[in-house]
Amino acid sequence: MLLLEQAGEYVLLMQRALSKPDKWAVFRNQLMNEFTNLGIDSIGIVAIISVFMGAVVSIQTAYNIDSPLIPLTMVGFTARQSVILEFSPTIISLILAGKVGSRIASEIGSMKISQQIDALQVLGVNPANFLIFPKIIASVLINPVLIIFSIFMSLAGGYLIAQLTDLYTPQDYVTGLRYSFSAFTVFYAIIKTVVFAFIISSVSGYHGYKVKGGALQVGQASTNAVVHSSIGIILFNLILTQLLLT
Amino acid sequence: MITVTNIEKSFGQKKVLRKISLNFEPGKTNLIIGKSGSGKTVMMKCLVGLLEVDKGSIFYHDRDFSAMNDKERKSIRKEMGMLFQGGALFDSMNVEENIGFPMKMYTTKSPLEIRKRVDFCLERVNLKGVNKLSPSELSGGMIKRVAIARAIVLQPSYLFCDEPNSGLDPQTGNLIDDLILEITHEYNITTIVNTHDMNSVVEIGDKVHYIYNGELWWSGDKNNILTATNTELQDFVFSTELTRRLKT
């Protein structure tokens, strides 16, 4: 019952949030700020996680190839496919759900308890649209860029291992990366990322917006935002994979 | 002029406002007083549309605010300014951006014109040179003054102040009261102030309305409140040792 109630509240809030902005010039400024807050500020963590993720995937793949019939070029091929199809879009989106989701929920929640949202409403501004819409648009546009960046950084991580160890040669790795490449896999990764970005920003915005109480409730909203966004990502990962890859 | 007729508001089984009818006159500071939990904040929230009344009507001149939807209310909201208890300044904006925000949203003024108006409003609330400070760098009194500046930047016809003196020392509280009074008379604003500060009542109470348990219990002004014979009002007015001593 509570789940249905929350789903209803979420839909009604999105109805108000996804409407025409009161003033486009103000919206543009908000959007630019959100690009920085939600995207540019995440580049560091995305880079670090991606390099290590790519390195580990490559090492594990090399470790599991113990048959002389399987060429070592498979390390690059497997790393590329794993990173593009799953690791970068899903794992990085889960990381962003933690970083960006908690930020959105706590920012909006703090504004709610300090009456800043009431102030917007009294000024005649649609607070849901003013606060949540730019975050959704910014996330949907910037997250695919972050994921493409993550893919490159992950593949670079695998290449780094080739340079630093003798598990496989850089030539084997690069040959594997270029083997049987299908652009559709990147398209699939971007589709997933856009859906995940919408889930992260809208679910976190919803949890922030419905805060009632004080600092404790802001913390709870932040936690719920991360948990529910992560569940949403996992669920839609399955649905989209089933729809697009089978 | 704001005319309130028979408004009622309940939360579940609890009736918070019971058939309140009032007129708030322009060019006067209309004070709503009452102890905590009496319903005065709920009433102010109903007046500005943050809560919907269950019954009754709220008219801004001849416009039925209570019957409008959010879009229709926009035109009236542009004529409103509100000072919230904690100031409610936007954390992500500095002082200048906070004050200029309503102009940015509702006017086509250039950044230079907005800046001039912001400077004028800051000067009007006796603050200068704080344009680039963020809300976290301001004292409680400064926050209230910046919030007043933001509330008057669009030259509102209606000014709502929720507990303007709360959390301030008596001297700063007096400054804020004087400022509200001056602005009300200067721009002929219909000002409504929620307070339980008796000092504010005797300083700026052009009209005073006492709410008791969600009902309008007494109406008068700062000159006759101290001599009113209403028992509940007397209990409220002379509830502190200081006021009791002054009475005797």
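Why does Phe77(A) count as buried? Its relative accessibility is 19%, and buried means under 20% relative accessible area, with exposed over 50% and partly exposed in between (1.4 Å probe, protein chains only).

This is a predicted model, in which local features need pLDDT of at least 70, side-chain atom pairs count only at pLDDT 80 or more, and totals for chains, interfaces and linings use all residues. Residues are numbered from 1 along each chain as its sequence is written, chains are lettered from A and ligands numbered from 1 in the order in which they are written, and side-chain values use heavy atoms, leaving out hydrogens and water.

**View 1. An aromatic pair within chain A.** The whole structure holds 14 aromatic pairs over all chains. Phe77(A) and Tyr179(A) form an edge-to-face pair, 5.5 Å centre to centre with 70 degrees between the planes. Rings of Phe, Tyr and Trp (its six-membered ring) pair if their centres lie within 6.5 Å; planes under 30 degrees apart count as stacked, over 60 as edge-to-face and the rest as tilted. Phe77(A) sits in helix 4 (residues 73-113), and Tyr179(A) in the loop between helix 7 (170-178) and helix 8 (183-209). The two are 102 residues apart. Helices (H or I, at least four residues) and strands (E, at least two) are DSSP runs, numbered from the N terminus.

View 2. Phe130(A) lies in helix 6 (residues 127-164) of chain A and Phe101(B) in helix 3 (residues 95-106) of chain B, so the pair joins two chains. Phe130(A) is buried at 10% relative accessibility. Phe101(B) is buried at 3%.

**View 3. Ser230(A) in helix 9.** This helix spans residues 215-245 of chain A. The side chain of Ser230(A) reaches the backbone oxygen of Val226(A) at 2.7 Å. Leaving aside neighbours within four places in sequence, Ser230(A) is in contact (heavy atoms within 4.5 Å) with Leu94(A) and Ala97(A).

**View 4. Two domains of chain B.** Domain 1 covers 1-79 + 156-222, and domain 2 covers 91-155. These bounds come from an automatic or database domain assignment. Their centres, taken over C-alpha atoms, are 24 Å apart. The contact takes 18 residues from domain 1 and 13 residues from domain 2. Lys78(B), Pro156(B) and Leu179(B) supply 38% of the area that domain 1 buries against domain 2. Buried area is the accessible area (1.4 Å probe) that two parts lose on being put together, summed over both.

Definitions and conventions. Polar contact = N/O pair within 3.5 Å; in protein donor to acceptor, adjacent residues only side chain to side chain.
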